[in-house]
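Hi everyone, thanks for coming.

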Amino acid sequence: MITVPAFLKPKQWPLAGWLTGALMMILLLGSAPEAHAQTWMVSTTAQIKLGILDKYGQLGPYTAIFIVHSEKTGKDYLLVKELAKGQTGVDVLFPTDPSDPEYFKAETGEAASAIPGRYTWECRVKGVKAVGGRFTLPEVANDVTIINK
């Protein structure tokens, strides 16, 4: 009969596991590279402010229908704004965030996005073009600089 000497008695197993785990943690943490967390987020979106104003307040309450046409895609995007009594004008942003209950959308319900390119726009009041114009949405990009200590 061959007897193999026991290095650890059965009551010592939990202690041995704890010591082995602690030793592994020390080894792993000691050799781990220093972490550099990115502490900022970046976002750039091009938007255009469009507006209409009844300069002398002669119309009273009215409905302003903004129509923006993309020359690149050929799509029209609409936004309807109801102006109450005492409110003579309104400014809107194109494109509007789709989470906004009143956003620029195509007839299909598709939300307008900030696609770079040329656009024309008009605002209709009582079925007649009241104002209009054109604009170009620029290409935008984000640059992030990593700062090393």
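Predicted model: local features only at pLDDT ≥ 70, side-chain atom pairs only at ≥ 80, totals over all residues.

Glu122 counts as buried, because its relative accessibility is 18% and the cut-off for buried is under 20%.

Now, who is the partner of Glu122? The side chain of Glu122 meets the side chain of Arg124 in a salt bridge, at 2.6 Å from N to O. Arg124 has a relative accessible area of 30%, so we call Arg124 partly exposed.

Take Arg118 and Glu71, whose side chains form a salt bridge with an N to O distance of 3.1 Å. Arg118 sits in strand 5, while Glu71 sits in the loop between strand 2 and strand 3, so this pair ties together parts 47 residues apart in sequence. Arg118 counts as exposed, at 53% relative accessibility, and Glu71 counts as partly exposed, at 41%.

Next come Lys81 and Glu102, also joined by a salt bridge, where the closest N and O atoms are 2.5 Å apart. Lys81 belongs to strand 3 and Glu102 to the loop between strand 4 and strand 5, so here the pair ties together parts that are 21 residues apart in sequence. Glu102 is partly exposed, with a relative accessible area of 39%.

Let's move to the inside. Which residues of the largest nonpolar core touch the most other members? That core has 23 residues, and the ones with the most contacts to other members are Leu50, Ile52, Phe66, Val68, Phe94, Phe104 and Phe135. Two or more core residues come from each of strand 1 (48–53), strand 2 (62–70), strand 3 (76–83), strand 4 (89–94), strand 5 (117–125) and strand 6.

Which residues make a nonpolar surface patch of about 500 Å²? They are Trp40, Val42, Val144, Ile146 and Ile147. You'll find Ile146 in the segment after strand 6 (128–137). Ile146 counts as exposed, because its relative accessibility is 55% and exposed means over 50%.

Conventions. Residues numbered from 1 in each chain as written. Heavy atoms only, no water. Patch = residues over 30% accessible without salt bridge, like charges linked within 9 Å, V, L, I, M, F, W, Y side chains within 5 Å. Areas by Shrake-Rupley, 256 points an atom, 1.4 Å probe, with all protein chains shown as cover. Salt bridge = Lys/Arg side-chain N within 4 Å of Asp/Glu carboxyl O. Helix = DSSP H or I, 4+ residues; strand = E, 2+ residues; numbered from the N terminus. Buried < 20%, exposed > 50% of the residue type's maximum accessible area, 1.4 Å probe, protein only. Core = buried A, V, L, I, M, F, W, Y, C linked by side-chain atoms within 4.5 Å.
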